[in-house]
Amino acid sequence: MCRNLLFFSLCITSIGILVSSGMVSTNPKFVRFFVYNQKRWRLEDGYEMRLSNISSILNSGINPYTPVKFLIHGFNHNHRCWFPQEVKDTFLRQGFDGNIITVDWGRLATPVGTEPFASLAYPLCVRNVKLVGEIMTELVTILIEHGMLHMESLHLIGFSLGAHIAGIVGNSLQRRYRWKIARITGLDPAGPFFYTGFVGRSLRKSDAMFVDVIHTDMAQYGHLGALGHADFYVNGGMPPQPGCKTPSCSHHAAANYFLQSIGNEQIRACGCTANSVFSSGPCCTFTTVFGDLATPEARGKFYLRMRPQFLSGMYNC
Ligand SMILES: *[C@@H]1O[C@H](CO)[C@@H](O)[C@H](O)[C@H]1NC(C)=O
């Protein structure tokens, strides 16, 4: 009986994946890059760099003397969603004097079709993570080779599957050129299909000089366990986050908390010295700045309490 049940569910899952395999694009031309800065704020004003047109990259106005941040969205999203748009807006409002590049891989992250097959297409989007990472690596390589970007001022910020894309970029640049990105921030890196490395390669701390990770939905949509040099567990890192009624709310809380930290040095998290045992519960032998202004020297696991804040509502999804 049990065996039949197992066989039955495996069978349904395989059929689902087969049916849904035509539902997610794998076309690299649907991976797009938009540049924003103090002169280009609005969603529609993003300047598009096209890998197929080198002069569109060279004319982007990105210069190596200011920092560059890439914002990479996750499953079922695109670059018009509040992550990355609202995060970009907050950086610019806080006076960020550099370029913010939003990565749009929405066509490769969003199944077309109806439930339940759309959800079964998630593994196909996981498979696309590597492809998007490779395409992004190509763009970063061009920027570096033309002296428009320095590793030391590069910060990749990825939400959910986007965190793993950032990891692939960091890893590829090291393997090919021995270049190491200054920083990767993982906002509740996706958990499902990233534990064994069989389908998806997970973000890890060797991917950048400093890898910081914010956990809010562990063991649900979010990854369980420490992935960075510094791992921040907000409200314990588990769902439900305050005021959240759905798993996706707790997952998104990581991006919401990061947004609140932009330009704000006041949000601090508690850490332990190496010899105090964390499993015995959060302790607080010292504190460190949380979020965007975290210090690159921060090491270990950190705890803090926060609440999601209301967003402008200007953007969907
Ligand atoms: C390439 O990009 C430049 C902008 O830098 C634009 O003027 C030109 O028309 C583009 N070429 C093609 C073939 O799209």
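In helix H3, the buried residues are Trp82, Phe83, Pro84, Gln85, Val87, Lys88, Asp89, Thr90 and Phe91. That makes 9 of the 12 residues in H3, so the helix is largely enclosed by the rest of the structure. Please keep in mind that this is a predicted model.

**Around helix H3**

- The cover over the buried residues of H3 includes strands S1, S3, S4 and S5 (154-159), together with helix H8 (247-261).
- Just after H3 comes Gly95, which takes a positive phi of about 90 degrees.

- S4 spans residues 99-104 and is mostly covered, with 6 of its 6 residues buried.
- In a regular strand, side chains alternate between the two faces of the sheet.
- In S4, Asn99, Ile101 and Val103 point one way, while Ile100, Thr102 and Asp104 point the other way; all are buried.
- Strand S1 (residues 32-36) pairs with S4 in the antiparallel sense, over 5 bridges.
- Within this pairing, Phe33 stands opposite Val103 of S4.
- Strand S3 (residues 68-72) runs parallel to S4, and 5 bridges join the two.
- Here Ile72 stands opposite Val103 of S4.
- Between S3 and S4 the chain passes through H3 (residues 82-93), giving a right-handed β-α-β crossover.

**The ligand shell**

- Which residues are around the ligand? They are Asn53, Ser55, Ser56 and Asn59.
- By class, this shell has 4 polar residues, no nonpolar residues and no charged residues.

**Leu131 in helix H6**

- Leu131 sits in helix H6, which covers residues 122-145.
- Is Leu131 buried or partly exposed? Leu131 is partly exposed, because 17 other C-beta atoms lie within 10 Å, while a buried residue needs 20 or more.
- Apart from neighbours within four places in sequence, Leu131 is in contact with Thr26 and Pro28.
- Leu108 is 23 residues from Leu131 in sequence, and the C-alpha to C-alpha separation of this pair is 9.4 Å.

Definitions and conventions
Residues numbered from 1 in each chain as written. Predicted model: local features only at pLDDT ≥ 70, side-chain atom pairs only at ≥ 80, totals over all residues. Helix = DSSP H or I, 4+ residues; strand = E, 2+ residues; numbered from the N terminus. Contact = placed C-beta atoms within 7 Å. Near = placed C-beta within 6 Å. Nonpolar A, V, L, I, M, F, W, Y, C, P; charged D, E, K, R; others polar. Pairing = 2+ DSSP bridges. Right-handed = clockwise from strand over helix to strand, strands pointing away.
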